[in-house]
Amino acid sequence: MKPSPLAVLRPAAAAARAVADHLTPPPDPPPPPAHAQNLADGAVGTALLHIERAATGTGAWATAHHWLTTIVDGGVLATPDSSLYRGAPAIAYALHLTATATGGRYTGARHALDRAVATLTHRRVDQAMHRITARQLPTLAEYDLISGLTGIGAHLLRHTPGDDALARVLAYLVRLTEPIRHDGVTRPGWWTFQDPHAATSAAFPGGHANLGLAHGITGPLALLAHAARRGITVDGHLDAIGRICHWLDTWCQHDHDGQAWWPQWITAQDHRTHRPTQTGPLRPSWCYGTPGIARAQQLAGLATADTHRRHLAEHALAACLTDPRQLDHVTDTSLCHGWAGLLLTTWRTAVDATTPAVAAHLPHLTDRLLHHLSMDDHPADGLLDGRTGAALALTAVAHGTPPTSDWDACLLLT
């Protein structure tokens, strides 16, 4: 899909190249493993940029290799809380992105990491299932994309889909969507006793249910939908998709123009009153807000042949992108909650959309990303919050196609 004219493609290519050039030499000495193996803001994210650029022919595989070597210089973190964004699964994810283009250079390392990730996955699923049986509430880190089993499942689905570890993750997510009765109150199974920052807080008595793609239930929805589209399902799989979608429908709100939006989270008070405290849409982003939630619902519609849900999601995103009140909340270039994430989420949604209304916004989003990138005097270098992610989004723009390596599977966009 060609999202923008040559006048946008050329500066996008130049901006992506400038960031990549700045990040070409790995740090010396290498950072400690806890930072090197952090996909959100460490060296793994930078490796993804160089892998993608090598895959598109705009960068060198030697540069990607140097960054991958830097990542494992201090050994591999394989701790009980390792996740897609930290430790062994993050390294495995990056290495698998090279599999089709490097002639099997990392085959041995990938197999070793795959075994470590499978062992970790089984251990974490066992713990989660024990928690469900005990009728306790989950932490966000048990199930979410960034720290939890949804993120690990995203890697397994993309790179080792035949592993029984993936089937166990999917079966766990089905159980997660079943209602849970805790302290005399029946709530959705993903209701957590924590606040949105994964802490206990007096501001969130009774916890909350999170709707975001990064930390909430739309992450599991997107993973279940991606798996179903690939013909990989477990018992109760489609029922789980239906339960999540029904819950999103229950909390769907409409502005004065009748356009759909969703709260970032539901508090215990919201649950009691059946009315969200949030009175209008906030920042439109990948991690929270309409864009990420809309993409997850579009995927669910594709997985279940629900044309109505696809239309709802696509129209909600298109309306969001024409609302200056929402767009004024976007103030940085990041993938997580800035212009890069909004651009990439819109692009992936546009590829599958039934209407051209979504794709029509891509040139403007590209312009806004380029503008904000040029105005940032002190940019960070991370994948989620820094210019690494912005450069990855612009690399796609410069080639007129979504990411060649499908690196954005770590965002559950594909």
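**Helix packing**

Tutor: Helices here are DSSP runs of H or I with at least four residues, strands are E runs of at least two, and both are numbered from the N terminus. This is a predicted model, where local features need pLDDT of at least 70, side-chain atom pairs count only at pLDDT 80 or more, and totals for chains, interfaces and linings use all residues. Residues are numbered from 1 along each chain as its sequence is written, and side-chain values use heavy atoms, with hydrogens and water left out.

Student: What angle do H5 and H6 pack at, and how far apart are their axes?

Tutor: Helix H5 (residues 88–97) packs on H6 at about 140°, and the axes are 9 Å apart. Axes are lines fitted to C-alpha atoms, for helices over the stretch in contact, with angles from 0 to 180 degrees between N-to-C directions.

Student: Which residues make that contact?

Tutor: From H5, Ala88, Pro89, Ile91, Ala92, Leu95 and His96; from H6, Ala109, Arg110, Leu113, Asp114, Val117 and Leu120. Contact means heavy atoms within 4.5 Å. By class, nine of the residues are nonpolar, one is polar and two are charged.

Student: How many residues does H6 have, and how far does H6 reach?

Tutor: H6 covers residues 107–133, which is 27 residues, and spans 39 Å from first C-alpha to last, close to the 39 Å expected. The expected span is 1.5 Å times one less than the number of residues. Just after H6, Arg135 has a positive phi of about 55°.

Student: At what angle do H6 and H9 cross?

Tutor: Roughly 20°, and the axes of H6 and H9 (residues 164–176) come within 10 Å. H6 and H9 are therefore roughly parallel to each other. Their contact residues divide into 10 nonpolar, three polar and five charged.

Student: New topic. Is Arg309 buried or exposed?

Tutor: Arg309 counts as buried because its relative accessibility is 9%. Buried means under 20% relative accessible area, exposed over 50%, and partly exposed in between, with a 1.4 Å probe and protein chains only. Arg309 lies in helix H14 (residues 307–320).

Student: What does Arg309 touch?

Tutor: Leaving out residues up to four places away in sequence, Arg309 touches Cys245, Asp249, Gln297, Ala300 and Gly301.

Conventions: Parallel < 35°, antiparallel > 145°, perpendicular 65-115°, else oblique. Nonpolar A, V, L, I, M, F, W, Y, C, P; charged D, E, K, R; others polar.
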